[in-house]
Amino acid sequence: MRHFFANECHHCWLQSLVIYLCSITVLVLCNHGLATVVDEDNQRTSACIPCSATYLAADPNYPNMLSNIFVSTESCESSLSVVKVIKIANLHRGLEGEGSHRHLISKLKTIESDSSSTYLDRYNCELVIIETLNGVFADPFELQRLVNRKVYLDAAVFGDTNLELPAALSNSSFVEIHMDLASSSKANHELVVQLPLHVRYPPFDGSGYSNIEISQPDLYTRCRKRNIDKDCQWGVSIRELGPTEKVKWRIPCGDDAYSTIVSSVTFLSALVCALSIVFASILYCPTIYTKDQ
């Protein structure tokens, strides 16, 4: 009997060991498969796009457009190598001005590189800044004036571009600004981006103020060889600068508790003005002058 139980226990131990090893194998394979899926789903940080694609934010898949675009050419690979040479760090942001029209200031510094100035002599390199705006807007005509004054290489607004909509009815918009990196190849050179912003009419709030938060922008650098017309490609790379504090804008807004009073006074004032015009038109009697007089 003891021998029988000993054999049974031995077989049970072997079965448990086999089941345990099979479970470990399955878990390892599953984890490897999941890791592979995650790697495939990660957004590509560098890619090459045709020079005809002027704006990044204009892509319907923004901000995941780099995961879908890649053209492997010799000029593409060389442009990507130049992009990696350019180092940008230390992003500082804040608002300047008063009232409903202010400037969003972004300051960045370039890190010294022995080969950056050499590359920038043979490549056109740009810093692309894309801001996501909610509750505020950038006037595309004002941005175009800055481009005409050579402050920026290019600038455009995408998304909700209706400037008359209040904040409650508007959607987010993207502002894309291009700056030349050729003049920033020196060590510790500071790039300053000034984005003029306007407030949309905020919804009612019991506190009398509406808080707008502007998150960290998306930064890209892109380069291409100079004087290339055939198979022209931009080497584009995402710049990761670490988290920064959100820019906060406290905007005065109407209090819903006084909406009835304000509406009544406004209606009565408009009614009195309209009646005054009507009575003045009725009582007005023009004097007719003749030649004999």
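Predicted model: local features only at pLDDT ≥ 70, side-chain atom pairs only at ≥ 80, totals over all residues.
Start with the charged side chains. The count of salt bridges comes to three. In one of them, the side chains of Arg 93 and Glu 131 meet at 2.7 Å, N to O. Arg 93 belongs to strand β2 (residues 88-96) and Glu 131 to strand β4 (residues 123-133), so this pair ties together parts that are 38 residues apart in sequence. Arg 93 counts as buried because its relative accessibility is 19%, and the limit for buried is under 20%. Glu 131 is also buried, at 3% relative accessibility.

Strand β4 takes part in another of these bridges through Glu 126, whose partner is Arg 222 in strand β10. Here the distance is 3.1 Å, N to O.

Return now to Arg 222. Besides its bridge to Glu 126, Arg 222 lies over the face of Trp 234, at 3.8 Å from the ring centre. Arg 224 also lies over the face of Trp 234, at 5.0 Å from the ring centre.

Next come contacts between rings. There are two aromatic pairs by count. One of them is formed by Tyr 62 and Phe 174 and is edge-to-face, with 5.3 Å between the centres and 80 degrees between the planes. Tyr 62 sits in the loop between β1 (46-50) and α2 (74-85), while Phe 174 sits in strand β7 (residues 173-180), 112 residues apart. Are these two residues buried or partly exposed? Tyr 62 counts as buried, at 11% relative accessibility, whereas Phe 174 counts as partly exposed, at 22%.

The backbone at Tyr 62 also deserves a look. Most residues other than glycine have a negative phi, and most peptide bonds are trans. The bond that joins Tyr 62 and Pro 63 is cis, with omega about 10 degrees. Pro 63 is placed in the loop between β1 and α2. Another backbone point is Lys 150, which has a positive phi of about 65 degrees although it is not a glycine. Lys 150 is in the loop between α4 (140-148) and β6 (154-159), and it counts as exposed, at 73% relative accessibility.

The largest pocket holds about 200 Å³ of space. It is lined by 13 residues, and those closest to its centre are Pro 217, Asp 218, Ile 238, Arg 239 and Glu 240. Strands β10 (218-225) and β11 (233-239) each give two or more residues to this lining, and β10 gives the most, with three. By class, the lining has seven nonpolar, three polar and three charged residues.

The whole structure also has two cavities of 30 Å³ or more. The second largest cavity contains about 30 Å³ of space. Its lining includes Phe 137, Val 157, Asp 160 and Arg 200, and by class has four nonpolar, two polar and two charged residues.

Terms used: Residues numbered from 1 in each chain as written. Heavy atoms only, no water. 1 Å grid on protein atoms, 1.4 Å probe; cavity = no way out; pocket = protein on both sides within 12 Å on 5 of 7 lines; lining within 4 Å. Points joined across faces, edges and corners; volume = space filled by probe spheres on them. Nonpolar A, V, L, I, M, F, W, Y, C, P; charged D, E, K, R; others polar. Phe/Tyr/Trp six-rings, centres within 6.5 Å; stacked < 30°, edge-to-face > 60°. Helix = DSSP H or I, 4+ residues; strand = E, 2+ residues; numbered from the N terminus. Buried < 20%, exposed > 50% of the residue type's maximum accessible area, 1.4 Å probe, protein only. Lys NZ or Arg CZ within 6 Å of the ring centre and 35° of its normal. Salt bridge = Lys/Arg side-chain N within 4 Å of Asp/Glu carboxyl O.
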